[in-house]
Amino acid sequence: MAEPIVLYERDGRVARITLNRPEHLNAIHEDTPDALRAAVERANLDDDVHVILLTGAGRAFCAGYDLKEYAEKPRPVKGSQDMPWDPLVDYQWMRHSTDCFFSLWRSLKPVVAKIRGFAVAGGSDIALCCDLVVMAEDAKIGYPPARIWGCPTTAMWVYRLGAEKAKRMLLTGDLIDGRTAKEYGLVIDTVPDDQLDAHVEALVARIASVPKNQLMMQKMMVNQAYDNMGLNSTQTLATLFDGITRHSPEGVAFKQRCEQIGFKAAVKERDGGDPLAWKNAR
């Protein structure tokens, strides 16, 4: 690729990591998970870095996995095996991506996500692995593949929202804007888009003023509480379920529909809310 798929820059005490596929709304390429983890590890190894700022180039944070090619090509393709399928092949692939995204959560340096445009599907997985999330008021976040063909493998919806609001999001696959995300408690703050950059810079500067060891201890202490709640076990189940969603009868039918009318059109049908007439197709 002409440019790195993930950009890295250190600016004083701040490591700036940018998802860099703006022409694709920073959709997740097969190389994105490893590139993101490498950038996080680079920041953690830099003794001058106190805080990480994660954002997306252009007009979106991340529009999810770039699935068009996989969805429209006949089986077998990545994430959609021939039948009968091996759940552990799919689990190994998706667990790797999950662990790469979760490098943000495991990072000893705190991570702030800045979201404009969209943070949807796999993009929401990435965002919710960050410690603090700030959204533009008109930005959208959600997990539409919860309707068919996905289960959020990082499982962070329930840990951030609690059971009832997590169910509200995952039983519908709806997108919500920044204002609603703040009301739900999903993000720490939301501001008009034209104020987003300045607002996030002030927050990051405030965090960067704290000694690194203090930041590490506070983050490790809070994260340990989530580990004690069984976060790793929940992720294991969610990642297995994610593979099942692509190989269930409805998942197979959705794949066939993508091949027939194209991925974007099939997604529009799936997310429209009407009962899916093709749900029992084989």
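Here are some notes on a predicted model, meant to be read with the structure open.

1. Start with the hairpin. Strands β1 (residues 6-11) and β2 (residues 14-19) run antiparallel and are joined by 6 bridges. Asp-11 faces Val-14 of β2 across the pair. The hairpin has 2 residues between its strands, and Gly-12, in the turn, has a positive phi of about 65°.

2. Now move on to the loop between β2 and α1 (32-45), where you'll find Leu-25. Asn-26 sits in that loop too, between β2 and α1. Most residues other than glycine have a negative phi. Leu-25, though, has a positive phi near 50°, and Asn-26 has a positive one of about 60°. Are they buried or exposed? Leu-25 is partly exposed, at a relative accessible area of 21%, whereas Asn-26 is buried, at 3%.

3. Most peptide bonds are trans.

4. Why does Gln-81 count as buried? Its relative accessible area is 15%, and buried means under 20%. A polar atom of the Gln-81 side chain lies 3.0 Å from the backbone nitrogen of Asp-86. Setting aside neighbours within four places in sequence, Gln-81 is in contact with several residues, including Arg-75, Pro-76 and His-247.

5. Next, Thr-245, which is part of helix α11 (residues 231-245). A polar atom of its side chain is 2.6 Å from the backbone oxygen of Asp-242. Leaving out neighbours within four places in sequence, Thr-245 is in contact with Trp-149, Gly-150, Cys-151 and Gly-251. For a sense of scale, Thr-245 and Leu-132 are 113 residues apart in sequence and 29 Å apart in space, C-alpha to C-alpha.

6. Finally, the inside. Which residues touch the most other members of the largest nonpolar core? They are Leu-54, Phe-61 and Ile-126, in a core of 60 residues. Helix α9 (residues 193-208) gives this core its largest share, 5 residues. Another core, of 9 residues, lies apart from it; Trp-149, Cys-258, Phe-263 and Leu-276 are among its members.

Note on methods. Residues are numbered from 1 along each chain as its sequence is written. This is a predicted model: local features need pLDDT of at least 70, side-chain atom pairs count only at pLDDT 80 or more; totals for chains, interfaces and linings use all residues. Side-chain values use heavy atoms; hydrogens and water are left out. Buried means under 20% relative accessible area, exposed over 50%, partly exposed in between (1.4 Å probe, protein chains only). A polar contact is a pair of N or O atoms within 3.5 Å; within protein, one must be able to donate a hydrogen and the other to accept it, and residues adjacent in sequence count only if both atoms are side-chain atoms. Contact means heavy atoms within 4.5 Å. A nonpolar core is a set of buried Ala, Val, Leu, Ile, Met, Phe, Trp, Tyr and Cys residues joined through side-chain atoms within 4.5 Å. Helices (H or I, at least four residues) and strands (E, at least two) are DSSP runs, numbered from the N terminus. Two strands pair if DSSP finds at least two bridges between them.
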